[in-house]
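I opened this notebook to keep track of what I looked up, sheet by sheet and then across the chain contact.

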Amino acid sequence: MSELSAKAWLLEFSRNQVAAVGLHELVEVLSRPKLYHVPMASPRSHQVLVWRDEILPVVDFGAISTSEPEDALPGGVVTAIAVYQTVPGEPLRHGALQLAVMPRTLTVTDNMACAFPETNSSLDKLTISCFSFENYAVPIIDLTRVFERAPREL
Amino acid sequence: MNAASAVVGGVVSGWIACGFDEITLLIPMEDAGARIDADELDSASGHLQLGLLRWQDDQWPAYRLDRELIPVQWQTNASTVVLPVCSNGQARGIVCDQIRVFDHPVAVSLHPVPGCLRERPSPVIALGLYETLRVGLVVRGDSLIRHLDAALKSMTP
């Protein structure tokens with residue numbers, strides 16, 4: 001029987017923090033858009049940007065994981081526009097993810113599935129499932145939880 | 001009641017955009033007085049007060065805020081402007097770099113604060129999009145005054 005496979009985007013937030021989303025869940029990549037600060041928010045999501053007449057939240061998982069300088073990746077930060085849906089049938093919503101490098105596509109197959117690593121990472125409570133790729137356990141993240149819930153609610 | 005009025009809980013005839021520390025507060029005109037220059041403030045001695053403004057036969061303190069909306073030490077100068085923010089017979093002055101007036105309610109389109117940004121209780125009730133691409137923080141006079149009082153109280157030794 002043939003194995004099931006799906007295309008995904010690999011997102012690198014910092015050198016030691018990666019995640020994946022489905023191919024249909026990224027719609028655009030921006031280079032250094034204008035960001036606006038929102039007070040009294042968390043270190044990982046305290047900014048918004050304007051995209052197609054919408055105000056989108058910007059989530060930066062690298063902001064909490066790059067306290068060590070060696071975690072930083074060279075090159076410019078890019079901003080990926082993601083799309084998600086809170087409930088089937090509801091209008092699509094968008095949010096932005098800060099990435100250390102351009103996202104890249106990969107094919108994920110059933111035999112790449114692996115257990116959640118016990119990392120105590122900020123991604124733990126946002127993870128749907130996990131797969132193994134290039135010596136990383138890559139979490140597949142739930143964008144609704146990423147953009148709709150404050151970190152303290154997770 | 002139009003969309004803006006529904007979000008802010010009252011009639012909005014226009015907006016005041018008050019800029020400092022690379023953020024912009026968007027305040028309904030109904031909650032703001034006419035701008036004054038810093039040299040019109042009376043001297044003040046309270047913690048972090050930069051002066052006292054006169055509003056409705058009383059005197060009220062003026063503060064400079066940082067980008068987390070917390071009062072900070074600040075040295076006023078000749079170009080400093082102060083926006084009186086008022087509610088329920090009270091006022092506070094907000095020391096700004098720039099004040100702009102949009103005398104039409106639809107000059108600002110309102111958007112909810114996204115869930116992932118609602119980490120702590122905040123006086124920001126919505127985000128406002130104005131001049132096509134600019135984003136401001138929508139606050140009402142009462143919530144901003146309550147927030148300032150609470151912030152100052154928490155700083156008192």
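This is a predicted model: local features need pLDDT of at least 70, side-chain atom pairs count only at pLDDT 80 or more; totals for chains, interfaces and linings use all residues.

The entries below follow the order in which I went through the chains.

I looked up the strand order and found an open sheet of six strands in chain A, running E3-E7-E8-E6-E5-E4, with mixed pairing. At its edges I found strand E3 (26-31) and strand E4 (36-42) of chain A, each of which pairs on one side only.

I then went to strand E5 (residues 45-51) and strand E6 (residues 54-59) of chain A, which pair in the antiparallel sense over five bridges. Within this pairing I located Trp51(A), which stands opposite Glu54(A) of E6(A).

In chain B I found six strands in an open sheet with mixed pairing, in the order E9-E1-E2-E12-E11-E10. I asked myself why one side of strand E9 and of strand E10 is left without a neighbour in the sheet. The reason I wrote down is that strand E9 (98-102) and strand E10 (108-111) of chain B stand at the edges and each has a single partner strand, so one side of each has no neighbour there. The twist in this sheet averages 35 degrees from one strand to the next.

I followed E10(B) to E11(B) and found that the two pair in the antiparallel sense over four bridges; here His111(B) has Leu127(B) in E11(B) as its bridge partner.

The hairpin of E4(B) and E5(B) has two residues between the strands, and in it Gln56(B) takes a positive phi near 50 degrees.

Entry 7, the contact between the chains. I recorded that 20 residues from chain B and 21 residues from chain A take part in the contact. On the side of chain B that touches chain A, the elements giving two or more residues are strand E11 (126-130) and strand E12 (134-138) of chain B. The residues of that side of chain B divide into 11 nonpolar, three polar and six charged.

Note on methods. Residues are numbered from 1 along each chain as its sequence is written. Chains are lettered from A and ligands numbered from 1 in the order in which they are written. Two strands pair if DSSP finds at least two bridges between them. Two residues are in contact if their C-beta atoms, placed from the backbone, lie within 7 Å. Ala, Val, Leu, Ile, Met, Phe, Trp, Tyr, Cys and Pro count as nonpolar, Asp, Glu, Lys and Arg as charged, and the others, Gly among them, as polar. Axes are lines fitted to C-alpha atoms, for helices over the stretch in contact, and angles run from 0 to 180 degrees between N-to-C directions.
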